[in-house]
Amino acid sequence: MRVEKPLSFILVKPSGPDCNLACSYCFYTRKAGYFGTEKVHRMDYRTLESMISKSLGRPGAHMSFGWQGGEPTLMGLDFYRKAISLQELHGKGMRVSNSIQTNGILMDEQWADFLKRYSFLVGLSIDGPASIHDRFRVDRGGEPTHARVERAAKLLLETGVAVNALSVVTEQSASSAKEIYRYLKGIGFTYLQFIPIMEMSETKPDEVADFSVTATSYGKFLCDLFDLWVEDFVDGRPTTSIRQFETYAAIYMGYEAPECTVRKTCGDYLVVEHDGSVYSCDFFVEDTWKLGTLDQDVSLADMLNGRRQTLFGEVKSKLDKRCIKCPWLQFCYGGCPKDRLRDRATKRFNPYCESVKMFFSYADERFRKLLADMPR
């Protein structure tokens, strides 16, 4: 008997693929052509209310909205004030939370105060010090953005906003784990997330882009990062939260992985675009995985548990023969399907397989001991 998945998280793209930056490795700004000839993509208030009203109204349940882009702050503060008022109207008796992923360019005191007041969790995209960050993260005029993003980071941290650093790992930055880690901690971040980048070349469709981090480079990055993380333990406990290591720790301790990328299957959330269209995942905003629209007489919970979303989630479980007997399978389960499907050179095999093997061959014994010795 199939157990229905609860509707507990929606990833919202209120400004679609629009962004005020021109990051070389961004996959989502390339989606602009998918939405036709319109130049500006914005969610209107009717669509906003439809999404929120259809998501809430279940006393005792928890619902989380993740606002992402493109760049979601392009919507302006009034849009999010409206979202909060609609959540308060339709979410009586529920626990409702919000997160937002931003490049920080538009952050000011008003934004910081708002995010603090309504307990938003902020993911701030910052790749490290200027020499690393500015290589790929430039604005529409080609100008560097690091100084502006660092200023936003300090403002958010000083205001008391819950903020995580989101850092993309490229082939060019993978050898700089210590520099990146120390820089982020020096600013004041204690919650870090590192995202390996894998994109196909725009000029050579059968090859990965030059900035895509190789398995060997990423594996070495994880090993270096692990050493830095362990060095900062105090009284047997980590002083820095690194999402990937926390995910691995949960698996070691027998819990379900908190990240979809390392679960047996995926498809546990929905994506709502600016125009009210609903998709399986933000890496697959395309006709194949379009589940419907908010205008349809179909509930979001039914879309989440429908046949198409179920099929999407099962794609991840179709593993290469090499995966089945791998001793580290539980920490990977073939990786994220977007990497397997995009990197055609690997024939739908996790391109980061060797990274996983390299890391756990290096860290497994120490990781287990750290968890066994950690004070309860």
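## Helices H2 and H3

In this predicted model, helices H2 and H3 are roughly parallel to each other (an angle under 35 degrees), because their axes cross at roughly 15 degrees. H2 covers residues 77-90 and H3 covers residues 109-117, and their axes come within 11 Å. Axes are lines fitted to C-alpha atoms over the stretch in contact, and angles run from 0 to 180 degrees between N-to-C directions. The crossing of H2 past H3 is left-handed, that is, the near helix is turned anticlockwise from the far one by less than a right angle.

Leu77, Tyr80, Arg81 and Ile84 of H2 meet Gln110, Trp111 and Phe114 of H3; contact means heavy atoms within 4.5 Å. By class, five residues in this contact are nonpolar, one is polar and one is charged.

## The whole chain

The chain has 13 helices and 10 strands, taken as DSSP runs (H or I, at least four residues, for helices; E, at least two, for strands). Its radius of gyration, taken over C-alpha atoms, is 20 Å, close to the 21 Å that the globule rule (2.2 Å times the number of residues to the power 0.38) gives for 376 residues, so the chain is as compact as a globular protein of that length.

Along the principal axes, the C-alpha atoms fill a box of roughly 55 × 50 × 50 Å. Of the 376 residues, 54% count as buried, meaning under 20% relative accessible area with a 1.4 Å probe.

## Basis of the values

Residues are numbered from 1 along each chain as its sequence is written. Local features of this predicted model need pLDDT of at least 70, side-chain atom pairs count only at pLDDT 80 or more, and totals for chains, interfaces and linings use all residues, while side-chain values use heavy atoms, without hydrogens and water.

Notes
Parallel < 35°, antiparallel > 145°, perpendicular 65-115°, else oblique. Nonpolar A, V, L, I, M, F, W, Y, C, P; charged D, E, K, R; others polar. Buried < 20%, exposed > 50% of the residue type's maximum accessible area, 1.4 Å probe, protein only.
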